[in-house]
Amino acid sequence: MFFQKDIETMPRRELEALQLERLRHLVDYCHKNVPFYRDRLDAAGVTAEKIKTLSDIQYIPMTTKADIRDNYPYGLFAVPMKKIVRIHASSGTTGKPTVVGYTKNDINTWSDCVARLSAAVGVTEDDVCQISFGYGLFTGALGLHYGLEKLGCAVIPVSSGNTEKQVMLLKDFGSTVLISTPSYAMYMSEVAKAQGVTPEEIKLRIGLFGSEGCTDELRDKIEKGFGLFSTDNYGMSELMGPGVSGECEYRCGLHFAEDHFIPEIIDPNTGEVLPEGESGELVITTLTKEGIPMLRYRTRDITKITKEVCKCGRTHARMDKVRGRSDDMLKIRGVNVFPSQIESVIASIEGVAPHYELILTRKNYTDYLEVKVEFTDERMVEDFTKLDALRNEVVDKLHTVLGIKAKVVLAPPMSLARYEGKAKRIIDKRNEEA
Ligand code: DLL
């Protein structure tokens, strides 16, 4: 289903003409309203008039998270504060948060983008939507909230946490759509099972998941646990929040809202733009944002893009599921390892739960990877032979996929951390070598 069919199925040539017109306007807008961009554009000799084709975007300097931080809190805002109606921020792991502001038009555009990805998997005004993302500076909850309201759904703003109560509301309020991170959805389904809730008592039919990666194997487990169908949705606060791209019912890539964003893929090391279909770092230009426009923002997320028309009829480009962030790809003894590869292996093995911890250590200049996973059957504690066999199975399967041997530690059921938002599974102690 479509929310804005004319735009979502616009012929590629028209779409690109629209993008070009908006890009020229954006360059002008940034030059006039943001001193930081004015200096950068002047130094690079880029003006709106010089942008003749979409590929001229490559001459525009890129923007990074550090640029936003250096201009903390409002230095990159393009409008006076009286035009700003909302502020969000991403917490980040170190230092000051990155702060973003929205005008009324920005909130409207954002809601449209979220309504599109919700309609694309079949959410309608008849749905009851339980939002289990944390409300606050994080964009996930309020982003989905406004988009789903715009579609006409009944929105339940539960926020994250208090998982027993979440399950009670799922049952009692008859929620049909769950909005959360995939790791929280997994946890919720475990709690529902532990409480003896039967699938018949839960009416969930759709999961709008996102904000972190999720392998197909983990997705299958969540879907079976709740008896729902889910899509993967991508976004980041610097660009808007959720709504940048999302899957349709065919789940063959996440559709961008290309009337609002220009996506590019670059080589993260050289900054060179890569051809369609090649894997690299996603760079995004926001075409219509007024509050804090972004020129070629480096997301650090690794993916690839196709512009082929989708089976659903949408013409807007699609990206693959995010493979990982360029900064959380692990390099272990010279081998590149993405945590998602480990998740795929773990979630496909019978007898272990899809929760894990990756612990990296360094001894004598050599890196070691320890993978902690839970076995699911409590009775196994008494059967060392079975435990050993299971551990060996995990070691072997990881070895086949990663090409390196990891130490595998089997932990008792429900002993590893569960997450109500984005999961934090990597503990890197490599700089602590004695
Ligand atoms: O996570 C926005 C969002 C909220 C998207 C709800 C979808 C649903 P940030 O907190 O700024 O924004 O985090 C952005 O999270 O650069 C990715 O590394 C990661 N990320 C977001 N969505 C996905 C996804 C929101 N579907 C950062 N798959 C991004 C993989 C994702 N990673």
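**Note on cysteines and salt bridges**

1. At 3% relative accessibility, Glu-238 counts as buried (under 20% relative accessible area; exposed is over 50% and partly exposed in between, with a 1.4 Å probe and protein chains only).

2. The model is predicted: local features need pLDDT of at least 70 and side-chain atom pairs count only at pLDDT 80 or more, while totals for chains, interfaces and linings use all residues. Residues are numbered from 1 along each chain as its sequence is written, and side-chain values use heavy atoms, with hydrogens and water left out.

3. Where do Lys-65 and Glu-238 lie in the chain? Lys-65 is in helix 4 (residues 65-70), and Glu-238 is in the loop between strand 7 (229-236) and strand 8 (241-247). The pair links distant parts of the chain, 173 residues apart. Helices (H or I, at least four residues) and strands (E, at least two) are DSSP runs, numbered from the N terminus.

4. The count of salt bridges comes to 24. One of them joins Asp-367 and Arg-430, at 3.3 Å from N to O. Asp-367 lies in strand 19 (residues 366-375) and Arg-430 in the segment after strand 21 (426-428), so this pair ties together parts that are 63 residues apart in sequence. Both Asp-367 and Arg-430 are buried.

5. Lys-397 and Glu-393 also meet in a salt bridge, at 2.9 Å from N to O. They are separated by about one helical turn because they stand four residues apart in helix 11 (residues 384-402). Lys-397 is partly exposed at 37% relative accessibility, and Glu-393 is partly exposed at 30%.

6. Asp-367 and Arg-430 also belong to a network: salt bridges that share partners join them with Arg-362 and Asp-428.

7. How many disulfides are there? The count is zero, a disulfide being a pair of cysteine sulfur atoms within 2.5 Å. Cys-248 is in no disulfide, and the nearest cysteine sulfur, that of Cys-312, is 3.8 Å away. Cys-312 is in no disulfide either; the nearest cysteine sulfur to Cys-312 is that of Cys-310, at 3.5 Å.

8. Are Cys-248 and Cys-312 buried or exposed? Cys-248 is buried, with a relative accessible area of 0%. Cys-312 is buried, with a relative accessible area of 14%.

Notes:
A salt bridge is a side-chain nitrogen of Lys or Arg within 4 Å of a carboxyl oxygen of Asp or Glu.
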